[in-house]
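Please read the following briefing with the sequence and the model side by side.

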Amino acid sequence: MKIEHSHIMLTGASGGIGRAIATQLAQAGARLTLVGRSEDVLQSLKASLEHSQQHQILVADITSPLGIAAINEYAKRAIVERVRINAVINSAGCNEFALLNSKSPQQIEQEISLNLLAPIMVCQTLIGSLSQPGVILNIGSTFGSIGYPGYTSYCAAKAGLHRFSESLDRELSGSGIRVLYLAPRATDTALNSSAVTQMNQKLGNATDSPQCVAQHVQTMLEKEISAKWIGWPEKLFARVNQILPGVVSSAINKQKETIHQYVNRISP
Ligand SMILES: NC(=O)c1ccc[n+]([C@@H]2O[C@H](COP(=O)([O-])OP(=O)(O)OC[C@H]3O[C@@H](n4cnc5c(N)ncnc54)[C@H](OP(=O)(O)O)[C@@H]3O)[C@@H](O)[C@H]2O)c1
C-alpha cells in the first residue's frame, strides 16, 4: 500500500511501539486515528506528530463492549462521510511475566482479551469500512510461535492472533484486503518490567528499539508482507519449534534456573 495520504487506524498508539509507529507513519505522510484509553495522552501524542492537525484521536477501551461500540460508531461515520480507512494496525497489548499458578483469573482474562479478542473484534467491526485494497496489520510476538515459561496465557493469545491473521487473510483472499502479522522480539518499552529486562540481559537476549519495530511496520505495509518475525535467532527458533519442538524445549530448560530467578517479581 502507499502510505502517503492514507488513513490508518492504530490501536495501542500511546504505547512504546505504538508511539514509534505513529511517529514513523506520520512522517511518511499518513493520516492517523490514534486509539487508546486516555484522552490526555492521545492529545499530547497527536500534538507531537508531524502534520498534527490531520490526525484524530479515538478514546476507547477495546476490551469493553463500549470501546468496540465506539470503534463501530467511528466506522459508520466514516462510511457516511465517505472517508475510507486504508489500514488498521492492532498494536494494543499487555502481559504479565508470572507463573500460571500465580496469576489471578482477571490477569489471565485481560491478557486473552486485549491480545486476542480485542483485535478480532476491531477487525470484525472495521472490515466493512476498509478501502479495497486495504490492509490489517496485527502485532503479535515471538512468543506467539514459542511457548515460554512465565508467559503461558500471553503465548496462547499471540499464537491465536497469528492463526486468526492467517485465516482472515485467506478468508478475504480476492477481496483486496490483506491481513498481515508482525512478530517482534523483546523491545525496549514499558511493557517489560525491570525484572524482564534484567533477565533478558542475563540470558543474552537482544532487545530492539521501538523505532526498529516501526521500520518493520512501514516496510510490511508498503510491501504487504504476509508475516514477519523480527530478529535472529528468534526467527530460526520460531521455525525450529514447529518441526522439532524438543530442541527448543531443551534450550529453554537450560534457562529455567535464570527464568525462575526473575519470574513473579513485582516491578518497583
Ligand atoms: N515490548 C515488547 O517487548 C514486545 C515484544 C513483542 C511483541 N510486543 C507487542 O507489541 C505491541 C505493543 O507493545 P508495547 O511494547 O508498545 O506495549 P506498551 O508500551 O505497554 O503499550 C501498550 C498499549 O496498549 C494500550 N492498551 C492497554 N490496554 C488497553 C485497552 N484495554 N484498550 C485500549 N488500549 C489498551 C495502551 O494504551 P493506554 O494504556 O494508553 O490505553 C498502550 O498504548 C503489543 O501487542 C505487544 O504484545 C511487544
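**Briefing on the predicted model**

His51 is partly exposed, with a relative accessible area of 39%, where buried means under 20% relative accessible area, exposed means over 50% and partly exposed lies in between, using a 1.4 Å probe and protein chains only. The model is a predicted one, in which local features need pLDDT of at least 70 and side-chain atom pairs count only at pLDDT 80 or more, while totals for chains, interfaces and linings use all residues. Residues are numbered from 1 along each chain as its sequence is written, and side-chain values use heavy atoms, with hydrogens and water left out.

**Backbone features**

- His51 is found in the loop between α2 and β3, where helices (H or I, at least four residues) and strands (E, at least two) are DSSP runs numbered from the N terminus.
- Although His51 is not a glycine, this residue has a positive phi of about 55°.
- Glu224, in the loop between α7 (210-223) and β7, also has a positive phi, near 50°, and is a residue other than glycine; Glu224 is partly exposed, with a relative accessible area of 26%.
- A cis peptide bond with omega of about 5° joins Gln132 and Pro133, and Pro133 has its place in strand β5 (residues 130-139).
- Another cis peptide bond, with omega of about 15°, joins Trp232 and Pro233, and Pro233 is found in the loop between β7 (227-229) and α8 (234-243).
- As background to these points, most residues other than glycine have a negative phi, and most peptide bonds are trans.

**Surroundings of the ligand**

- The ligand is surrounded by 28 residues, and the closest are Ser14, Arg37, Asp61, Tyr154 and Thr189; a residue is near a molecule if one of its heavy atoms lies within 4 Å of it.
- By class, this shell has 11 nonpolar, 13 polar and 4 charged residues, where Ala, Val, Leu, Ile, Met, Phe, Trp, Tyr, Cys and Pro count as nonpolar, Asp, Glu, Lys and Arg as charged, and the others, Gly among them, as polar.
- Helices α1 (16-27) and α5 (152-171) each supply at least two residues of the shell.
- A backbone N or O atom of Gly15 lies 2.8 Å from an oxygen atom of the ligand, a backbone N or O atom of Thr187 lies 2.8 Å from an oxygen atom of the ligand, and a polar backbone atom of Ile62 is 3.1 Å from a nitrogen atom of the ligand.
- On its own the ligand has 900 Å² of accessible area, of which the protein covers 90%; accessible areas come from the Shrake-Rupley method with a 1.4 Å probe, and for residues only the protein chains shown count as cover.

**Helix α2**

- In helix α2 (residues 39-48), Leu42, Leu45 and Lys46 are buried.
- These three cover an arc of only 100° around the axis, which puts them on the same side of α2; the arc is that of the directions from the helix axis to the C-beta atoms.
- The exposed residues Asp40, Ala47 and Ser48 are carried by the face of α2 turned away from its buried side.
- The buried residues of α2 pack against α1, β2 (31-36) and β3 (56-59), where contact means heavy atoms within 4.5 Å.

**Buried strand residues**

- Thr11 lies in strand β1 (residues 7-11) and counts as buried at 1% relative accessibility.
- A polar atom of the side chain of Thr11 lies 3.0 Å from the backbone nitrogen of Ser91, and the side chain of Thr11 also reaches the backbone nitrogen of Ala92 at 3.1 Å.
- His7 has its place in strand β1 and is buried, with a relative accessible area of 4%.
- The side chains of His7 and Thr33 are joined by a polar contact of 3.1 Å, which is a pair of N or O atoms within 3.5 Å; within protein, one must be able to donate a hydrogen and the other to accept it, and residues adjacent in sequence count only if both atoms are side-chain atoms.
- Leu58 lies in strand β3 and is buried, with a relative accessible area of 11%.
- Not counting residues up to four places away in sequence, Leu58 touches residues including Met9, Leu42 and Tyr74.
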